[in-house]
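Visitor: I would like to learn how to read an interface. Please take me through one.

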2 protein chains.
Amino acid sequence: MGALHDGHLSLIREARKENDTIIVSIFINPLQFGENEDFNRYPRPFKNDCLLLSQENADILFCPNREEIYPVSFCTSVTLKKLEDKLCGKSRPGHFSAVATIVLKLFNILKPDIVYFGQKDFQQTVIIKKMVSDLNVDTKIKVLPIVRDKDGLALSSRNAYLGNDERKDALCLFKALTKAKHMINSGITLNREIINAMKSVINDYKSAKVDYISIVDQNNLEDTENAKSGDVIALAVKIGNTRLIDNYIIPFFVFIFYSFTSFLIY
Amino acid sequence: MGALHDGHLSLIREARKENDTIIVSIFINPLQFGENEDFNRYPRPFKNDCLLLSQENADILFCPNREEIYPVSFCTSVTLKKLEDKLCGKSRPGHFSAVATIVLKLFNILKPDIVYFGQKDFQQTVIIKKMVSDLNVDTKIKVLPIVRDKDGLALSSRNAYLGNDERKDALCLFKALTKAKHMINSGITLNREIINAMKSVINDYKSAKVDYISIVDQNNLEDTENAKSGDVIALAVKIGNTRLIDNYIIPFFVFIFYSFTSFLIY
């Protein structure tokens, strides 16, 4: 959707390593914004995006207009029943169906061999991987790690909305995930306990309001009772009027390490 | 869906004229059958189908099994809001979404340059053309005329369900369409009048029960008030337990001719 930051550029750099031709699409998809969401004020620094893309040696920029993508009689949509109502889908009904539909259109127009997505939009990556598999789309999906500011805030085009105080409060997402990580590393696996501790972290920040905090299986996005390797801790928090998301995939070594120490103890 | 008849074979023959390689798919798609529909008893004369295909010089037969097409976690579907609730969609909820989904999967697996469909399933052809256009699928759709038995009954795999008396009554669909055609040729264009006359024709047959008779715009499937060139007269009739469909696209010359005679009279 443009307003490119280092997270986006990391995708281009990785793609540059393993492909001959890099196509970047920029399309602020109106259908994936809810009525009260930020479609109109979403940042559109188009000239600067072009500059960044030429610095990164992207080969093609694809930025169609709305009428080309959605002619008047457009009426087709792709839905993923079990996945799109979960996590962010709860407060953004229709969002992921609109994302799946535009992404499938872009895949069909551009016919990429490999497509690169950032892990920050975790649910989006799960849904797109599932759509590609369910609809037999001949495209490989790669998901690259979240890129963060020095203090830990996940990069997002929406960070531009934050005032100075809000920018400080926005760190609560990363702080809450770090808290969860430490708890898990110390052997706590009861999700209820972890989620409550994360809520406490966030509630210490004035402008922050939790939308959701969930620990889910990374394939079906169902809540799990006990955190295990491969599960994802995902959260959405409103900082003032700005809704931010972040997540953490519990790595494998944590539990291997923990199992090993348990073995020593018993 | 197999149970091949001359309607299917006409598609293969046309494809044979203009392509190097012909792939035929046979897959009785469970998801497009309603709960009380005929999935279990749908005819499956697989050996005879293979024989017919080799006689027609088809190159590849693609007949995947259910688990390959729909793995346990399958959850994606394609929907076409304004088109799928109309005509047959009214009495077959979910049917056209399931059709669009399987057809898109087959397109993505087989990557055909041109795909051939029969006009008998008229709504299906409209929905597939719209899906292809809306989702930017790089496949050309060709729709070929309905193939009929000598007496006029449109060929259908479901004709195999008909008993002797039912087979006679099944002709009512063609008779009703012929009645409509004659009315239009004689200058009657009020759809209400045409539809009522068609209903009378069908009600003369004992085992026949009208599901719907509609005259619609061929692109958006909306009912029209007055029949015009390019509109489609579509109907579904139950003959005993067997639901049959048929249709007639009002050709262009009819109205050119009629306008001309009107011009002479006034």
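Visitor: How many salt bridges cross the interface of chain A and chain B?

Guide: A salt bridge is a side-chain nitrogen of Lys or Arg within 4 Å of a carboxyl oxygen of Asp or Glu. By that rule, two span the interface of chain A and chain B. One of them joins B:Lys111 to A:Asp138, with N to O at 3.0 Å. This is a predicted model: local features need pLDDT of at least 70, side-chain atom pairs need 80 or more, and totals for chains, interfaces and linings use all residues. Residues are numbered from 1 along each chain as written, chains are lettered from A and ligands numbered from 1 in written order, and side-chain values use heavy atoms, without hydrogens and water.

Visitor: What area do chain A and chain B bury between them?

Guide: The size of an interface is often given as the accessible area lost when the parts come together. Buried area uses a 1.4 Å probe and is summed over both parts. Here chain A and chain B bury about 2,200 Å², 48% of it on carbon and sulfur atoms.

Visitor: How many residues does the contact take from each chain?

Guide: Contact means heavy atoms within 4.5 Å. Chain A gives 25 residues and chain B gives 25 residues. Of the interface residues of chain A, 100% are also interface residues in chain B, so the copies meet through the same surface.

How values were computed: Buried area = accessible area lost by both parts, 1.4 Å probe.
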